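Colleague: I would like to learn how to read features of a model, one at a time. Could you give me the general idea first and then the case here?

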Amino acid sequence: MCGIIAYTGSREAAPILIAGLRDLEYRGYDSAGVALQGEANAASAVAKRRGRIAELETALRERPPPSAHTGIGHTRWATHGAPSDANAHPHTGCDGAVAVVHNGIVENYAALRAELAGRGHAFASETDTETIAHLIEDELEAGRDLLAALRAACARLAGSQAIVALSPREPGVAVGARVGNAGGVVVGYGEGEMLLASDLAALLPHTRRVAFLADRQVVRVTAAGASYASLDGAPADVPAHTVALDPAGAQRDPYETFMLKEIMEQPRALSDTIRGLTRVEPAGLHLDDLGRARPWLTRIERVLLVGMGTSLHAAMVGRWYFEQIAGLPADIDNASEFRYREAVLGPETLVVSVSQSGETVDVLEAMNVARARGAPQITICNTPGSQTTRVAEGAVLTRAGLERGVASSKTFTASIAALFALALETGRARGRVDDGTLARHVRDLAAMPDVTGRQLEAFGEAEAAAERFRETRHMLFLGRGPALPIALEGALKMKELSYVHAEGYAAGEMKHGPIALIDRDFPTVALAGEHALRAKIVSNIEQIRARGGEVLAIVTEGDEELTALADAALTVPRAPALLEPLTAIVPLQALAYATARLRGCDIDQPRNLAKTVTVE
Ligand code: G6P
């Protein structure tokens with residue numbers, strides 16, 4: 001989940017690396033570092049600091065590095081070894097013959113370290129990564145070139161890794177490897193310059209022409225281009241393509257945070273996603289990336305949706321769509337649990353993975369299990385070319401644009417829209433959705449960006465509501481039916497952004513335990529839109545109020561009865577039943593945002609979190 005960047009070309013490398021690290025900081029912010037390659041045969045100049053990138057910049061100002069046109073950089077989410085200067089990447093071998101940045105876990109690092117120490121290697125950190133540098137160093141000593149040395153080192157490593165390295169023995173060269181699902185290595189093709197990065201965000205300011213390394217592939221870049229091979233050395237053909245992402249989407253201004261920008265961008269993200277998949281007049285669907293998965297839509301007997309975090313909550317909404325629109329039995333599973341069970345499935349089950357990044361390790365491993373069982377797969381993904389889109393037979397791409405806030409917002413609503421379109425496509429293929437139904441659903445969906453836009457105009461109401469929660473330590477979020485995933489997502493946003501202990505719960509379960517917690521200091525947010533089994537939620541609200549608990553209700557506009565019953569209310573516009581989750585989440589995003597702001601939290605980079613989780 002760390003961020004990796006490499007540059008080689010004719011420009012000064014250091015500012016490019018620093019800017020790239022800033023674009024990747026959401027992947028980890030325990031420490032940051034760069035290695036810059038000056039003259040040939042001189043050790044790389046390494047600067048690294050615990051903490052945010054600003055600390056690294058201070059270090060570079062205090063001791064300006066030599067002019068360099070090739071370099072690598074890293075922003076760390078600590079796994080082995082506490083956040084410290086010494087444990088920050090890049091790591092070098094004993095004599096500086098190589099500098100390495102890494103994302104993943106070397107599972108056999110203890111044995112390798114003992115072996116390398118036995119051969120006289122001196123270690124400067126507690127990290128698993130440093131073993132890679134020493135292994136490469138040995139291979140260079142044995143006369144191999146840098147790429148061959150990297151391949152040989154990879155062959156010794158257990159676990160999943162993304163590695164980028166450079167050596168003063170090969171000026172102007174950077175090499176990279178991907179083994180397993182520890183994260184991507186994306187190759188960026190510039191004009192007379194090349195870049196490597198752990199994801200697109202860092203490349204877009206320079207180029208939109210990119211190539212993604214697949215599992216067990218390596219790359220060697222110079223300013224002139226890239227060459228690829230598999231881990232065993234056979235040349236590989238890795239096609240470059242142009243991504244349709246807008247580099248301007250990576251900018252934060254004029255918003256105070258990326259998270260706020262992304263919440264506010266939802267009407268645009270929804271509209272681009274919906275327009276990419278549907279046509280209103282005449283009503284139609286064009287899910288053009290379903291590929292080899294399409295014929296399976298009529299053969300399958302059930303659907304299993306998998307994901308993690310916010311994407312898992314989107315998948316839970318998707319389950320409703322497959323059941324209600326396509327008439328198929330549908331289950332959801334946490335990808336990290338699914339992969340370790342003896343899950344019973346085969347070609348009769350369509351596995352739908354939801355992942356904004358397309359690189360979450362648990363999702364990818366779950367997909368590998370599904371593939372081994374012969375299940376056809378479709379991925380709902382916001383990152384064209386990412387690993388989930390390669391493993392699945394088909395994809396439904398959301399067009400939310402780059403998401404930079406660590407806590408997801410616009411990709412949640414875009415994923416829900418994409419799942420709606422996929423359920424419609426499936427229902428259509430199976431003869432369950434006739435022309436009239438299709439037209440109605442597509443029209444309803446196409447209206448949602450406007451509805452969300454109007455809703456965001458009332459963002460300030462959530463700020464007033466958040467005042468109540470400034471000092472709160474615990475909260476309950478309750479929902480039923482399609483509002484349950486929204487309650488879970490609302491609680492997740494509150495946890496991630498404001499560090500309030502928030503529990504999302506099925507409202508029907510409340511009496512089976514959580515009600516014991518309710519008192520004056522334990523407020524509840526109740527999802528009580530008109531389609532969220534409102535009458536039942538009203539009873540829950542009465543029960544909470546009877547025990548002295550405070551209730552903030554999320555109600556449909558004009559619902560005077562509930563507004564009067566609750567201590568406070570936030571309204572959502574009227575929406576068709578199946579699409580109410582798209583409106584219901586917006587006030588909860590706003591509430592979590594405003595609460596975090598009042599509590600002075602770092603909203604774009606909440607503590608301990610990383611955006612793309614590539615370690616188990
Ligand atoms: C991390 C992020 C979440 C995200 C989850 C799944 O936990 O902080 O915002 O929902 O990963 O990520 P994915 O890229 O698979 O949707």
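Colleague: In which helix does Ser498 lie?

Modeller: Helices are DSSP runs of H or I with at least four residues, strands are runs of E with at least two, and both are numbered from the N terminus. By that rule Ser498 belongs to helix H16, which covers residues 484-498. Please keep in mind that this is a predicted model, in which local features need pLDDT of at least 70 and side-chain atom pairs count only at pLDDT 80 or more, while totals for chains, interfaces and linings use all residues. Residues are numbered from 1 along each chain as its sequence is written, and side-chain values use heavy atoms, with hydrogens and water left out.

Colleague: Is Ser498 buried or exposed, and which residues does it touch?

Modeller: A residue is called buried under 20% relative accessible area, exposed over 50% and partly exposed in between, using a 1.4 Å probe and protein chains only. Ser498 has 1% relative accessibility and therefore counts as buried. For touching, we ask for a contact, meaning heavy atoms within 4.5 Å. Leaving aside residues up to four places away in sequence, Ser498 touches Lys493, Ala592, Thr595, Ala596, Arg599 and Cys601. A polar contact is a pair of N or O atoms within 3.5 Å; within protein, one must be able to donate a hydrogen and the other to accept it, and residues adjacent in sequence count only if both atoms are side-chain atoms.

Colleague: Which peptide bond involving Pro90 is cis?

Modeller: The bond from His89 to Pro90 is cis, with omega near 0°, and Pro90 sits in the loop between S4 and strand S5 (91-92). A cis bond also joins Glu281 and Pro282, where omega is about -10°; Pro282 lies in the loop between strand S16 (278-279) and strand S17 (284-285).

Colleague: In what order do the eight strands of the open sheet follow one another?

Modeller: Two strands pair if DSSP finds at least two bridges between them. Here the order is S3-S2-S4-S1-S10-S9-S11-S15, with antiparallel pairing. Strand S3 (45-50) and strand S15 (241-242) stand at the edges with a single partner strand each, so one side of each has no neighbour in the sheet.

Colleague: Which way do the side chains of S4 point?

Modeller: In a regular strand the side chains alternate between the two faces of the sheet. In S4, Thr70, Ile72, His74 and Arg76 point one way, whereas Gly71, Gly73 and Thr75 point the other way. Seven of the seven residues of S4 are buried, so this strand is largely enclosed by the rest of the structure.

Colleague: How many bridges join strand S18 to S20?

Modeller: Five bridges join S18 (residues 302-307) to S20, and the two strands run parallel; within this pairing Val306 is partnered with Ser353. S20 pairs with strand S21 (residues 377-381) in the parallel sense as well, over five bridges, and Val351 has Gln377 as its partner there.

Colleague: Which residues are closest to the ligand?

Modeller: A residue is near a molecule if one of its heavy atoms lies within 4 Å of it. The ligand is surrounded by 14 residues, the closest being Ser311, Ser355, Gln356, Ser357 and Thr360. A polar side-chain atom of Ser355 lies 2.6 Å from a ligand oxygen atom, and one of Ser408 lies 3.1 Å from a ligand oxygen atom.
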